[in-house]
Amino acid sequence: MIHMLSDITGLFVQTGYPEPMSTLTLNHFLFVSAAMFAMGLIGFLTRRNLIIMFLCTEMMFQAAGIALIAGSRFWLNHTGQSFVIFVLTVAAAEAALALALVVLLFRKRESLDAEQWNEMKG
Amino acid sequence: MHYPHAPIRRLPVGLQRARAAELSAGRKRGRSLGEAISPFVLYTAIALGAIGVWMALPRRRVNPQLLGALVGAAALGLVLLGLGLKAAASETSQLPNIYFYVFSLIALGSCLRVITHQRPVYAALYFILAILASAGLYLILSAEFMAFALIIIYAGAILITYLFVIMLATQAPNEEQLESLSDYDATAREPLLATGVGFTLLAVLTSMLFTGTQSLPDTEAVLAGRNGDEVLADLPARVEEALIDAELIEAGQTIARDDHGQALIDPVARTATFETADGFVDVAWPSDLAAKNVESLAFDFLNRHPGTIEIAGIILLMAMLGAVVLSRRQVEIDEEAKAHQSRHLSVEDPA
């Protein structure tokens, strides 16, 4: 408990660090990426519209992209950025296939409800 | 032909590695900042965010969406404030980078709207907003090419395809039920369970915030990084142009080349060798000469991942074929039409 309290006070009290630094850390970007990924996951689990579900997978791709770019900036090489290009490629391929599947499924049931396909249990 | 005094174009591999290690050690400026945020604040904020997202998820009857969004925003604000105060506390002069906070607020806020909005078209439009904010984050991370490629490919191509399919696959409402929502859009499936799972994952993922952190290298380090200089060794025309612009050499002078036709550029010492009447002269680059983001990215992309490009091409081809096969309508041809067609073909073909 005392540890927690000191943590809270430590937030608001200026704690001196030895030297000035650039303002943002890798962790700032990793937090945004993780939060975006978690929201994509929640959206994928909760939404029942097939199109929105695939939109949420795109959101998770996007979160991965932010983490890759932040890593590329942190370690000062361009491999992370190259891999974002490949992530974009896979996202485009996935979008094309998923939307073709959605159109196919919509023609069969006239509905975008994922629960309409309940019998496809593995 | 042999140049005894020509600079070594590439360092031996061992030396290169040693130099890279030395450079990166200097560049990281090993400022260990301790944990980025206190665990108590972070986990409180994550719990708060979970409650907010759970409330904001779509449902019938009582719909505390606005309240949920506010709670979620408060949680996010708490985390960002915690991160910002920690960064500010370690600053001597600079404020935290305000653009990061603006862009991440927009990105995460519109992500929340994507997963909570009851109308698919609006969800897709909010996702475009999230993409634009991510492109802003890419710009902060000095990945200019990827930021604009993201806008063009994601917001411009992929999301428009999504919008097309949403409009294709949504029934036009009748006159009397203009404002009706389909049931599957209006209610969430297992909101409590999914939110719990999602935010537990977030809590686990963000444990890395406690492991101590290091600041990002300065922008100058990105511009004048080892990668940038090495890339310039393969771009003699750029070096010549910059030297002419800086009036260090005269127009028309070209960098000397060795037996293999390689331009004599030393990326470590940042000099280029020119042949003059007096012999070979090393000219130092102007200090602002650095490879652009897109140049470095292109070298990394094409030099180091050639196989991956092939695989990406195959994936795209397969996806295209798959999409065509999946969405093509089955055309029923009866026997008579088939016979007619084969007769038609056999007449046209003389063999």
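This is a predicted model: local features need pLDDT of at least 70, side-chain atom pairs count only at pLDDT 80 or more; totals for chains, interfaces and linings use all residues.
**Ground rules.** I number residues from 1 along each chain as its sequence is written, with chains lettered from A and ligands numbered from 1 in the order in which they are written. Local features need pLDDT of at least 70, side-chain atom pairs count only at pLDDT 80 or more, and totals for chains, interfaces and linings use all residues; side-chain values use heavy atoms, with hydrogens and water left out.

**Chain B overall.** I looked up the secondary structure and found 14 helices and 3 strands. Helices (H or I, at least four residues) and strands (E, at least two) are DSSP runs, numbered from the N terminus. Of the 351 residues in chain B, 41% are buried; buried means under 20% relative accessible area, exposed over 50%, and partly exposed in between (1.4 Å probe, protein chains only). The accessible surface of chain B is about 19,300 Å², and carbon and sulfur atoms hold 63% of that. Those areas come from the Shrake-Rupley method with a 1.4 Å probe, and for residues only the protein chains shown count as cover.

**Nonpolar patch.** I noted a nonpolar surface patch of about 540 Å², made by I98(B), Y99(B), V102(B), I106(B), L129(B) and L132(B). Patch residues have over 30% relative accessible area and no salt bridge; like charges are joined within 9 Å, and nonpolar side chains (Val, Leu, Ile, Met, Phe, Trp, Tyr) within 5 Å. Helix α4(B) gives the most, with 4 residues. I checked V102(B), which is in helix α4 of chain B and counts as partly exposed because its relative accessibility is 41%.

**Interface with chain A.** The area buried between chain B and chain A is about 9,300 Å², with 72% from carbon and sulfur atoms. Buried area here is the accessible area (1.4 Å probe) that two parts lose on being put together, summed over both. In chain B, Y162(B), Y184(B) and R189(B) lose the most area to chain A, together 9% of what that side buries. The contact (heavy atoms within 4.5 Å) takes 120 residues from chain B and 87 residues from chain A.

**F127(B).** I asked myself what F127(B) touches, residues up to four places away in sequence not counted. The list is L55(A), E58(A), M59(A), V114(B), Y154(B) and L159(B). F127(B) lies in helix α5 of chain B and is buried, because its relative accessibility is 1%. F127(B) and L159(B) are 32 residues apart in sequence and 8.1 Å apart in space, C-alpha to C-alpha.

**Salt bridges.** Across the interface of chain B and chain A the rule finds 1. R189(B) pairs with E115(A), the closest N and O atoms being 3.7 Å apart. R189(B) is partly exposed at 22% relative accessibility, and E115(A) is partly exposed at 30%.

E295(B) and R238(B) form a salt bridge at 2.5 Å, N to O. This pair links distant parts of the chain, 57 residues apart, from helix α12 (residues 293-304) to helix α11 (residues 236-245) of chain B.

R304(B) forms a salt bridge with D300(B), the closest N and O atoms being 3.2 Å apart. R304(B) and D300(B) are separated by about one helical turn because they are 4 residues apart in helix α12 of chain B. R304(B) is exposed at 52%, whereas D300(B) is buried at 5%.

Methods
A salt bridge is a side-chain nitrogen of Lys or Arg within 4 Å of a carboxyl oxygen of Asp or Glu.
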